[in-house]
Amino acid sequence: MAYYYTEPSRTFSEYLLLPNLTTKDCTPANVSLKTPIVKFKKGEKPDVSLNIPFSSAVMQAVSDHGMAVALARCGGISFIFGSQSVQDQAEMVRKVKGYKAGFVVSRSNLTPDHTLKDVLQLKEKTGHSTVAITDNGSPTGKLLGIVTSRDYRVSRDAQDKRVADFMTPFSSLIYGKSGITLSEANDLIWEHKLNCLPIVDGHQNLEYLVFRKDYDAHKENPLELLDSNKSYIVGAGINTKDYEERVPALVEAGVDVLVIDSSDGYSEWQRETIQYVKANFNAKIGAGNVVDREGFLYLVEAGADFVKVGIGGGSICITREAKGIGRGQASALIEVAQARDEYYRETGIYVPICSDGGIVHDYHITLALAMGADFVMMGRYFARFDESPTRKLRVGNNFVKEFWGEGSNRARNWQRYDTGGKQGLLFEEGVDSYVPYAGSLQENLDKTIGKIKSTMCNCGSLSIEELQQKARITLVSATSIVEGGAHDVILKESSLSEE
């Protein structure tokens with residue numbers, strides 16, 4: 001006979017937070033949203049943490065290199081979608097890591113014998129207006145000069161003009177020497193009114209470039225998520241089919257965190273994938289998705305650095321409708337969080353959990369954190385913004401962006417739903433849709449974070465950990481949900497738009 005849960009499968013909309021005492025120091029400015037993303041031992045710090053508890057979903061319509069850079073600037077992480085070729089995904093990772101907010105390894109390099117045509121083609125390919133000229137055209141060759149857009153005029157100069165004839169030669173460059181600190185490099189940039197400062201070793205070999213714009217960007221984005229080399233932190237999704245080919249390429253490209261992307265992570269295929277990664281690379285890897293204690297413990301014992309929770313709760317996911325598999329996101333998260341806390345008490349190892357799916361309103365994020373999530377993963381939320389990779393269209397009188405699920409016929413990411421033996425998508429577990437266009441990521445994220453911090457203050461909490469310890473949560477009835485919104489009035493239009 002099947003096992004029956006007596007408690008209904010519940011969603012975030014069925015719960016509310018009760019306020020605690022708000023002390024005078026409990027103001028949004030004092031709230032920290034820093035949170036771990038990979039496991040760590042009691043008394044130690046995690047190797048990777050987020051400055052805000054947000055990650056963008058492993059989806060074609062959400063997480064490319066553009067979204068990854070934009071979200072890392074704000075303090076979160078993107079997991080670049082894996083339903084593309086290994087080479088293309090690795091290149092996206094490289095592009096993110098190339099956006100260093102400090103010492104940058106030059107990615108646009110030519111020799112003096114190249115031509116203006118080569119410069120223009122390289123600029124078109126990379127988007128970089130600064131080209132380092134080295135003796136062998138490599139990023140670590142002997143620096144002979146620099147070319148910027150100020151060194152040539154496309155309307156006047158011949159396409160076959162040699163770089164040697166119009167570059168700024170090394171003898172005319174202001175440069176830094178190997179070992180210089182970022183602070184010292186920025187001082188040189190400001191003192192000499194430079195846009196770019198090359199860093200060379202004792203043999204004049206190029207090591208790095210330091211850009212003025214990176215200094216400005218960091219000052220404007222104090223929560224930037226950076227690694228020890230001042231590069232943006234980025235994640236990538238993998239599957240349980242081609243991981244032996246995909247993982248080495250992603251690690252070589254510099255990926256910081258991997259995650260196995262699957263609608264159901266409670267499987268031997270995930271265990272084998274985790275064990276392969278741990279045996280062959282010094283890499284962090286998350287796994288999932290699961291909805292109960294057993295699934296969580298299985299993946300943790302396999303070696304997962306974090307676990308994703310949620311099956312069928314995404315706005316474009318129809319796994320529950322197609323297969324009858326899943327669980328209400330709140331119920332799943334509550335049980336997994338309890339298992340995580342028990343595991344921590346027994347072993348002294350804290351394994352972060354990610355709540356993936358089921359978020360409709362901003363306050364659902366705060367509820368997910370209070371229920372035990374260390375961070376959330378969202379698709380629809382991020383798909384609405386300028387920074388997502390999909391087209392912006394006008395439908396009727398409104399602007400929208402395209403948004404489709406990885407299990408849809410459009411994405412055809414059959415590996416995500418593979419249960420062994422498949423070689424294609426037999427039926428859809430996702431839909432192809434539109435979401436209302438919402439503008440820029442940072443503007444919307446600032447508003448969402450403002451709401452989260454305000455609610456945390458109402459709960460008397462200045463950190464996510466404190467929120468999880470102090471939060472008081474109540475079930476709500478159907479009629480109290482109606483009561484909680486505007487009712488029995490005629491609404492006027494507001495200049496402050498709500499999500």
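Mentor: Gladly! Let us begin with one aromatic cluster, formed by Phe 54, Tyr 381, Phe 382 and Phe 385. Keep in mind that this is a predicted model.

Trainee: How many aromatic pairs does the structure hold?

Mentor: There are 14 aromatic pairs. One of them joins Phe 54 and Tyr 381, with 6.3 Å centre to centre and 40° between the planes.

Trainee: How do you know whether Phe 54 and Tyr 381 are buried or exposed?

Mentor: Buried means under 20% relative accessible area. Phe 54 has 0% and Tyr 381 has 3%, so both residues count as buried.

Trainee: Which other aromatic pair is tilted?

Mentor: Phe 79 and Phe 306 form one, at 6.0 Å centre to centre and 45° between the planes. This pair also spans the chain: Phe 79 belongs to strand β6 (residues 77-80) and Phe 306 to strand β18 (residues 306-309), 227 residues apart. Phe 79 is buried at 0% relative accessible area, and Phe 306 is likewise buried at 0%.

Trainee: Which strands close into the barrel, and in what order?

Mentor: Eight strands close in the order β5-β6-β15-β16-β17-β18-β20-β21, with parallel pairing. From one strand to the next, the twist averages 25°.

Trainee: What makes β15 and β16 a pair?

Mentor: At least two bridges are needed. Strand β15 (residues 235-238) and strand β16 (residues 257-260) have four, in the parallel sense, so they qualify as paired. Within this region, Gly 237 stands opposite Val 259 in β16.

Trainee: Which strands does helix α7 lie across?

Mentor: Helix α7 (residues 268-280) lies across β15, β16 and β17 (284-290), and runs at about 170° to β17. Helix α11 (residues 362-370) packs on the sheet too, touching β5 (54-56), β20 (353-356) and β21 (375-378).

Trainee: Why are the buried residues of helix α4 said to be on the same side?

Mentor: In α4 (residues 182-191) the buried residues are Ala 185, Asn 186 and Ile 189. They cover an arc of only 95° around the axis, which puts them on the same side of α4. Just after α4, Lys 193 takes a positive phi of about 55°.

Trainee: Why is the contact of Arg 94 with Glu 91 called a salt bridge?

Mentor: The limit is 4 Å between a side-chain nitrogen and a carboxyl oxygen. Here the closest N and O atoms are 3.5 Å apart, so the contact qualifies. Arg 94 and Glu 91 are three residues apart in helix α2 (residues 86-97), which separates them by about one helical turn. Arg 94 is partly exposed, at 30% relative accessible area, and Glu 91 is partly exposed at 29%.

Trainee: How many salt bridges does the rule give?

Mentor: The count comes to 20. Another is Arg 246 with Asp 242, where the closest N and O atoms are 3.0 Å apart; Arg 246 is buried, with a relative accessible area of 4%.

Notes. Residues are numbered from 1 along each chain as its sequence is written. This is a predicted model: local features need pLDDT of at least 70, side-chain atom pairs count only at pLDDT 80 or more; totals for chains, interfaces and linings use all residues. Side-chain values use heavy atoms; hydrogens and water are left out. Helices (H or I, at least four residues) and strands (E, at least two) are DSSP runs, numbered from the N terminus. Buried means under 20% relative accessible area, exposed over 50%, partly exposed in between (1.4 Å probe, protein chains only). Axes are lines fitted to C-alpha atoms, for helices over the stretch in contact, and angles run from 0 to 180 degrees between N-to-C directions. Contact means heavy atoms within 4.5 Å. The arc is that of the directions from the helix axis to the C-beta atoms. Rings of Phe, Tyr and Trp (its six-membered ring) pair if their centres lie within 6.5 Å; planes under 30 degrees apart count as stacked, over 60 as edge-to-face and the rest as tilted.
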